[in-house]
Amino acid sequence: MADETLLDKVHDLSDLELAVLLCLVSRQHCLISTPSDFADDLVQELQLVASKTFGLRSVVIVNCTPSTTLEDFAGALLPPRSGSRSVSPFQTRSDSYFSSNPLAGRFNSHSISPLTAASSHIANVVLARNLDRAPLAVQIQALELLRTHRIFTRVSVVTAPKQFLFIPVLEAESGGKARVAKHLNDFFSIAHWHDPEDGFVNLEEADGGDDAETASTGSVVKKGYPADVHHEALISETEISHLAKLSQQVQVDIDVTRYQMNIVSFLRFHRAVAGGVSPAATQHFSQLIRCLAPIHRLDFATPALVALAARKIYLHRIQVALPHQERSMQWGSRLEAVEVMLEDLGAEDIIEDTLEMVTAPI
């Protein structure tokens, strides 16, 4: 079991911080969304979470648009050269608290080019803002990066560091509506929809400081801190590795495994599901159950952890059927009746419906 001091720190984390922690423990990636009016705040909060909570100081923002090119995307993944001066008026200083590359609107000729960037490694954390709006070729390149942990430029191969986290930050009114290209979407282990009413804990703390240096990028405001100030991570890489080791030792009873597989089967055959319950999702499902156990002071999996994992694993994956795709249409159902049944039905509703139908083991 994990050290009580570590678990106390984990239980004090916000939902956003917990989502990032689970990804770091499992070495997977997550998709995070929020309503469009709060997307700027979410990006800033995630920067602070990466830097303050987990000590990942190399963080970049990739602002995607329909005009983003493959070269734009590859160049934006690299942290600014240490000690160099930024050529873009929209880029924070390379010695700032966030070693980041926020660009306003669309990429331009001042973006960091993969042909000239000195860094041989991609940043520890990449926040891909509006990745769903990027061209399909860019999203495919993102998928290749996640699969191989490297990306090819015209002159070199740039690799990802050991601690690497790729987070698309999307604008959506609900978690079930936030998704990227099909195969890339399935590669993200979990999804989290951030309710603005839950607040932005780290951002609110940073806004309260008087010594913060402010740099504006359109509607996005960055807070900078002197580079010589050391900010000790709340949860260190060693502690993350310890949680990962404990997750591999979690015991899963056959009845709990059967419960998990029943949920998968019921989701696949749910009349409102058109797809998304993939083999990759099942693998992520099993892994997340094991990662959740240590932070709940358990060395075994429980049905409650299975249900919790299901809500995170399938939120972004489930494709709600269109009325003409619904199975009962093959047996004579009326289209009007099916339309009423599917109206306002989202992935969240389907998951909850499934969890109610599947009996948990005692």
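**Sheet, helices and one valine**

Mentor: Strand E1 and strand E6 (residues 165-171) run parallel and are joined by three bridges. Strands here are DSSP runs of E with at least two residues, helices are runs of H or I with at least four, and both are numbered from the N terminus. Ser33 stands opposite Leu170 in E6.

Trainee: Before I go on, what sort of model is this?

Mentor: A predicted one, where local features need pLDDT of at least 70, side-chain atom pairs count only at pLDDT 80 or more, and totals for chains, interfaces and linings use all residues. Residues are numbered from 1 along each chain as its sequence is written, and side-chain values use heavy atoms, with hydrogens and water left out.

Trainee: Ok. Which strand pairs with E1 over four bridges?

Mentor: Strand E7 (residues 190-193), also in the parallel sense. Two strands pair if DSSP finds at least two bridges between them. Leu31 stands opposite Ala191 in E7.

Trainee: What is the order of the open sheet?

Mentor: E2-E3-E6-E1-E7, five strands with parallel pairing. Strand E2 (59-63) and E7 stand at the edges with a single partner strand each, so one side of each has no neighbour in the sheet. From one strand to the next the twist averages 20°.

Trainee: Back to E1. Why is E1 called largely enclosed?

Mentor: Because five of the five residues of E1 (residues 30-34) are buried. Buried means under 20% relative accessible area, exposed is over 50%, and partly exposed is in between, with a 1.4 Å probe and protein chains only. In a regular strand the side chains alternate between the two faces of the sheet. In E1 both faces are covered, with Cys30, Ile32 and Thr34 buried on one side and Leu31 and Ser33 on the other.

Trainee: And across the chain, how much is buried?

Mentor: Buried residues make up 52% of the 362 residues. The chain has 13 helices and eleven strands.

Trainee: Switching to helices. How do H2 and H3 cross?

Mentor: The axes of H2 (residues 15-26) and H3 (residues 39-53) come within 10 Å and cross at roughly 60°. Axes are lines fitted to C-alpha atoms, for helices over the stretch in contact, and angles run from 0 to 180 degrees between N-to-C directions.

Trainee: Which residues make the contact?

Mentor: Leu16, Glu17 and Val20 of H2, and Leu42, Glu45, Leu46, Val49 and Thr53 of H3. Contact means heavy atoms within 4.5 Å.

Trainee: Next, H11. Which of its residues are buried?

Mentor: In H11 (residues 303-313), Leu305, Val306, Ala307, Ala309, Ala310 and Ile313. Their cover includes E7, helix H9 (254-268), helix H10 (279-295) and helix H13 (347-357).

Trainee: What separates the C-alpha atoms of Val256 and Ile362?

Mentor: 9.6 Å, with the two residues 106 apart along the chain.
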